[in-house]
Every structure is written in C-alpha cells, then in structure tokens.
Amino acid sequence: MKLKKTAILTVLLAFYCFAGVNMSGRVSDIQNGQGIAGATVSIVGTGFSSTTDSQGNFTISNVPAYSTGFQFKASKTGYVDTYTQLGNSGEMDANDITFPLISNTLYGNLHNQLYGGIAHTSGKADIFGRVGNEYTGVSGVVITARYIDNNANAGTIRYVNASNMPDGSLTSTSSNGVFIAYNVDPYRPIKITGTKAASYFSSCVAICYPDKVTVGGIEQVDSLLQLSGKVGWDENPVSGVTVSIPGTLSSTTTGTDGSFNISFNPVNYGVLKFSKSNYVDTYFSERIDEDEGNRKQGDDEEENEFFIIPQTDYTGLLNQLGRSHINGKGDIVIELETINEMNVAGAKITLYDKNGTKLNPDILYFDEEGMPATGLNETTSESQCLILNLDPGYYFIAAEKSGCEFSRNTVFVFANGITSAPRIIGLPPIPEIIKAKAEDIPSANISKSAQNVPMLAFMFHLNKWETDESVIFDSIIVTAKGTGNISTALSSAKLYLDADNNGTYETEVSTGTISGNKITFKNINKEMDIGLNQRYQVVFNFNGTASIGQTFGVDILKNADVYSHTKNTGISVTCDGWTVEGNLMTIAQVYPPSKPSNFSPANGATQVNPLSYVLQSSPFNPGQGSNVHSSSQWMMWKDGETEETFTWDSGTNTINLTSVSTPVLLEGSTKYWWKVRHQNGDNIWSDWSDATYFTTAQGGITPAGKPSNQSPEDGQTDVPLPVVLTGSQFSPGNSVVHAASQWQIYLDTKNVNPVFDSKRDGNNLTSITVSGLSYNTQYLWRVRYQDGNGAWSQWSEFTSFETKEGMKGDLNHDAEVDIRDVILCLRMAIDLDPVDPGLADMNEDGQVDILDVILILRKAIDLD
C-alpha cells in the first residue's frame, strides 16, 4: 500500500544547473509605464530579495531551480504592495519578469464609486488582471474567479473600460482586456478563468493578501489541454471517482477500469481533486507541462496514475502508526527525486508556513517497503514522507541533504484531505545503484573448520542518466541468519571483488567487523561504474567451534545498509532494490580429501621440455570424506617468485583433476615450483601438496620486453597527488597478451620494503593511480609486465619523483579548502574513507576526528 503517484505531470528538460537560477525583470508604474527605482522585490516566504535600479530593473540570484508555485512581491513608499500570480522557476535564468505597481492615489480612485469602482473592505484584497493574446488585450471575455477550497465565487468582478477605469455597465472585458476582482478573501488560493464563444484561454492561480493587490493574467490559446490517467488503490482500479479541477466547474468520473479524461485550461500551477464516498479526498498539485497535459490513453509514454485511499484503510494505517486524524485538518504526501529522476535517500523534509517560518510538523518518512513509519528522521530509498494534521491553507516545502540543492514548492492543504505535493527536485544529477543477487550459491554441507566458504554473491547496477559521475562503494552491512552464532563460529568474514567480471572473486577488499548478527565491511573504497567493480562475494572462514547441524547464511536486508558516494562531489548515493538473500550452509561431519602428492615431474627433475610437459598428482584419496573428486587447483611459479606473483593459477578446475598437459609455455633453463590440491563432493579442499620443483631444458619462450618508466619523468618534482604512474607500451615476446603488471614504489632508498606494491595486477596494465602517498616526499618506482604465458619481464630501471607540497585541509587536492573537503574529513573521522593524516590532521594530534572536521570547516568559511 503506497501513497504514491507513479507518473508526474512534469517533463524535465535535458539541461540542469547547480547553485540556483537568476530571476530578472522590471517593475513599472501602471499609469505611465516608467520603471520604478528603489522598489523592493522579494519572493514570498523566502529570504530572497533585491532592489530595483534607476530603470526599475531587478535581479534575484540563486533562486532554487525547479521551484513551483512561488510569488514575487514588490513594494515602494507611495505604492500599494503588489504580488504576482503563482509561477515556477525552471532550469535556466528568467529575464522577462515584469509587473506594475499601483500608486496609492490610483488605488483609491479605483475603489471610488464615483469613478466606477467598488469601495474597499478593510482586510480584503484585490486582483488586477488582464486577458491578452500575442499582441494586445482581448475583449468580450467573461472572467470567473473562484476559491480553490470550495469553488465559491471570489469577490466581485468589474471590467475596465477603454479609459482605463472600472465600469459597472461592462459584462466582459473591453479592448484592453483588463479586469479587477474586488474584495477577495486573503490567503485563500483563487483560480481565474475566462470564457468567450469559440475561444480558449489559459488560467492562473493567485494568492492575495490583506489590503494588497495581486496581479494576474490569462492568455488566449489555441485549445484546451487534455489529461488522461487512471485512479486506483492497492493495485486495483477505482471506478466512480469524481475527478475535478478545483476553482472551476470542470469534472468527470472514472470508468470501470479507473480511467478518466478531462479538459483543462493551460496553467503554470494546477490542482486536481479526486473524491468518492467512503474515500479520502485526494488532491494532486503540480507544475503542468503542455506536452504532458496533452497525453492521452494509448500513448506510448507511461500513463499518469493516481491514488485515492479508502477512509477505513487510511484510518487503520494511522492507528498502526499511533496517530489519528484531527477533523478539519489536512495531510501532505511528498516525494523527492533528483534532476535525473533518481530517488533521494538521506534527505530531511522542511516545511514553512505562509510567512516563511520553519515549522516542526509530524513527519512520517516512508520505509523501504513503501509505508510511512515511525522512528525515521530522513528519507529512505523510497524517497517519500507523509505530513499529518496541518491547518488548511498553503505551505512551502523543500528538503535538505549535504551536497544537494532542492526546489522550494508551494503546496495547498485542504480540510480532511490528502495533498500529493509537487515533487521536490534535487540538484546536481546523481547516479543511483540497485543491488541484486549476482549468482546463486547452493546450500552445502561444510566442516566446522571450513575456510573461504562463499556465502552470498551480489552485484550493483548503476543508473547514470544525465551524469558522468562514477560511484565510490564505501561500506556494506550484511545480516547473518541460521541457527549458528557467527560471533563465536567465525575466525573472519571477508568481502571479495570480481575485478575483471569473469566470475572469479579474487580481490579481497575488506575484512568484516562482527557485532551480533551484523557484519560490517568498511573502507572498501572501490570505484564503481558501468561494467566496473560491480560484483562482490561474502566469504566465511570458520574456526572449528560450530556444532554439527548448525546453519549459517547471510542476507542484505536494507538499501540503507549499502553506503556509497559520488566520486567527484562526495554526495551520498541512494541504493535501491529488493532484499538479497543467500542460502544456508550446514555444519556437517565432513572430512577433507587426503593431501595429494606431486608425482611428475619428479622433485628436482631437469631437462623438462618447456614447450611440452605434464603435471601429474597422486590419485584422489577421499580419506574419511566424500569419494567424489569434484575439482582441483594447480599453481606454478618461478624460482625466486611467490604464489602471489604466480606464473599460472588454474583456479577451480573441474576438468584437469589429476593431470594437466602444458597449461602454459615456459622459459628455458629456468627452475619452476608447483603444487596442487583436491576438492571433494562436499566442497571441502585438501591441504596443498608439498611444493616441488623442476628445471626446464634450453629453448622455451621469450618473456615480454623490459618496460621503461614514462611518467612521472625521472627527477620530476611537484607531482600532484594521487600519483599516476605510466609505463611504456607492452613489448611482446612469444605471447602478445599483456596479462598483468606489478608496480612498486619505494622511499628514496631501495633497501627497505616498498611503500606500495600492487602485487600481480590484472587491471592496471600500463598505468595506475596510487593514493596514500605523502606530500613533499621523494620516491623511487619501477614496473614489470607479465604476458599470456605467465612469464614476467625484467623490472624497469628505477626512476625518482618528488610529490608537491600539500595544503592542510585540501583533501581532494583541488588547491582550495571548501565544503567538499569538510565532507571528506567527516567521512575519514567516522571511518567511511581511508584516513589521510598528512592533510586532514589539522591539530596534529596524530588522528583524524571531529575536531579536525571543525577546523577544516572554519578554514572553508574563512574563519581561520
């Protein structure tokens, strides 16, 4: 059950802006058209304002883009305060906002009965409007002004004659198209429409203020708009729903399939009402785009869908939440999305009254199952909230999230109704990730001392429409299930990455922290992009204390358990998707196979043909375990190397169980070591065989050519961080395949362990970006290449470089300290990112904590 409209009435354009838009225009005297200098122009309910120049021109900067239903106010001594009708901001600057001011003298004359006016009632308000076409005013138009809350006529309409004075004898507009609605109620939204035979007009919505003037206008158009949609609840259509446009007499009724079609006057800000006996009155307010308004049933685009909730369901929902409806009050349901239509988790909704005062209403954020819930203080991946029991009227809504800007929208609240507010739009465009199961890992019997047991494989899909940002995967929480206790049964839980997307999870990225039934993998710090670093696997290592019959498994239950941020801007990224569930592994009385032996070549054998040889192990010996020989793993490396820089690793091999013929070609006159292990039908591995060696005969393959260091150049100084190392192009020997590289960085002496060693790296072949180095430090580096036969080239010659001098607090290395550095320091302080003490430890106490965050913030805002 979701209080959600699945399609909106807004079409977002392909352009976007960040840091708001500029709204420019001119304020003039209505009588002579001259610009008025020194007038104050502001946006109602906000702190945005400006003062007109000598020509009456003004600019208000940094207005939130995609704001909906805002008004301008202009004031100047000697003039009546004047407001505009409701309007919207888009993605680009607006430069043609014009409206007139009315002098106090003219205002008095327009209310003077001697001049055809209607006497002003204190506390009431007036609307001055005009009906126009592309060139001039339109005559013969009958104006209707109705309150949106009850459709009653608003004030008294009088038309202005050719002498620009109100004329009680006129029953429609004169050639100037001007009209006045006298003495309307303040603070009640009013819909203004016009009618004329064989003509069509837009409409507008105005809000008026005591003893003030609101200017509004409508235009002649070619036709009315048509809106089609379906109304339903709980995935079922609702027939017999009255669909109406408040402030007009337009209405229709839904059919048996919940569908409807209604005509309406084009409008910048529109409201639809859905009502039916025993259902809660539901209102949808939005900016309306002409193309969207003209969409009809049967179009290829997604159809507009609307909800209406039965009164009993809504009452029951509120009861479950410990809430109740207060008669005469109204509610708002709000949804957020980014400019590129992604959901927004981690945002707080803000609500302001008509004066712009921030309120503290009863806000219920939706949980990940799409239901309003107590105990949440920000949006989840559902990106929605419900605000209860507000006084009828109008409010301003916005949202807050670090690194984002949001539109500020006007929303109407109706007594005993629910209003679906205009969708809050956030900038900049942000990617979204969707979690899913990568592949199914079948249930199996395992020993209580089993190692490297795959438990759950999951993957991420990236939605990146309208942005080139990649995502940094920070951390994840998985939840254990089963009858066993992971706190006592595991020696460790690890997270592995399938870096080359071939189904082999070979790169360890994090060791989990176990607390109760939760395992947290932190400091993953892996960049994800389309097709890059998207597949991960949770692996358990058992310590031998679990009991026979106990079961173990893991799930990813919540989207909020996945933490990631955009690479460049540092904004947290919303994760979406269903629960990712793993299968259960059962602790059983299982035994590994016996440890195999290396049969051939014999230990110490010489003159082995490097181009044709056979590795053979002893026959499979089940020991006390399963008699099924399911797979083997073979490994071979050169003398002087280690398993980490292997020549050949078969991985899990289900074909070559006890022998393998020439898996790779070898170098001549070279000593090689090798070993093997067997796996049984219970997925239990034997111990590795004792490594033995053999020496090849002369001949054999030629390894890749020795590379050279290209960048940084030898002796280069002022090298920026992170450092990008680049080697020469791969120079093939017998194999043209560049399979892997190994990169090493040392301090200014080669007689110590490297400060960075990539080991065997199958991804960064001729270039690698290295983080974690220090500023103002001299380093030496080298690289070597491995070909498709597993043969390593010689190491390149060492060259040196010196890193640039860093600025304290500049954590993203952009030569300035700003809010992005504050966010990065905060992430370090709470263990979401690797710590960089060289620049982040502002108080030089040997750690990065909240004190350093504060110091960087002070520097970012020029306090220090």
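Me: Where does N683 lie?

Reply: N683 lies in the loop between β58 (671-680) and β59 (692-696), where helices (H or I, at least four residues) and strands (E, at least two) are DSSP runs, numbered from the N terminus. This is a predicted model, in which local features need pLDDT of at least 70, side-chain atom pairs count only at pLDDT 80 or more, and totals for chains, interfaces and linings use all residues. Residues are numbered from 1 along each chain as its sequence is written, and side-chain values use heavy atoms, with hydrogens and water left out.

Me: What phi does N683 have?

Reply: N683 has a positive phi of about 65° although it is not a glycine. With a relative accessible area of 43%, N683 is partly exposed; buried means under 20% relative accessible area, exposed over 50%, and partly exposed in between, with a 1.4 Å probe and protein chains only.

Me: And N278, what about its phi, and is it buried or exposed?

Reply: The phi of N278 is positive as well, at about 70°, and N278 is not a glycine. N278 sits in the loop between β25 (269-275) and β26 (281-287), and at 63% relative accessibility N278 counts as exposed.

Me: Switching to helices. Which residues of α3 are buried?

Reply: In helix α3 (residues 311-320), the buried residues are Y314, L317 and L318. They cover an arc of only 95° around the axis, which puts them on the same side of α3; the arc is that of the directions from the helix axis to the C-beta atoms.

Me: What covers them, and what is on the face turned away?

Reply: The cover over the buried residues of α3 includes β28 (330-338), β31 (384-390) and β35 (417-420), with contact meaning heavy atoms within 4.5 Å. The face of α3 turned away from its buried side carries the exposed residues T312, N319 and Q320. Just after α3, G322 takes a positive phi of about 75°.

Me: Which residues are buried in α1, and why do they line one face?

Reply: In helix α1 (residues 104-111), L106, Y107, L110 and H111 are buried. Seen down the axis of α1, these buried residues fall within an arc of 135°, so they line one face of the helix. They pack against β7 (79-80), β10 (94-103), β11 (125-132), β14 (166-167), β15 (178-184) and β19 (213-221).

Me: How do α5 and α7 pack?

Reply: Helix α5 (residues 819-829) and helix α7 (residues 850-860) pack at an angle of about 180°, with their axes 9 Å apart; axes are lines fitted to C-alpha atoms, for helices over the stretch in contact, and angles run from 0 to 180 degrees between N-to-C directions. The two helices α5 and α7 are therefore roughly antiparallel to each other, a label given to angles over 145 degrees.

Me: Which residues make the contact?

Reply: On α5 the contact is made by I819, D821, V822, C825, L826 and A829, and on α7 by I850, D852, V853, I856, L857 and A860. The residues of this contact of α5 with α7 divide into ten nonpolar, no polar and two charged, where Ala, Val, Leu, Ile, Met, Phe, Trp, Tyr, Cys and Pro count as nonpolar, Asp, Glu, Lys and Arg as charged, and the others, Gly among them, as polar.

Me: Last topic. How many disulfides does the structure hold?

Reply: The structure holds zero disulfides, a disulfide being a pair of cysteine sulfur atoms within 2.5 Å. C385 is in no disulfide, and its nearest cysteine sulfur, that of C404, is 16 Å away. At 0% relative accessibility, C385 counts as buried.

Me: What about C575?

Reply: The closest cysteine sulfur to that of C575 is in C404, at 16 Å, which is too far for a bond. C575 is buried, with a relative accessible area of 4%.

Notes. Parallel < 35°, antiparallel > 145°, perpendicular 65-115°, else oblique.
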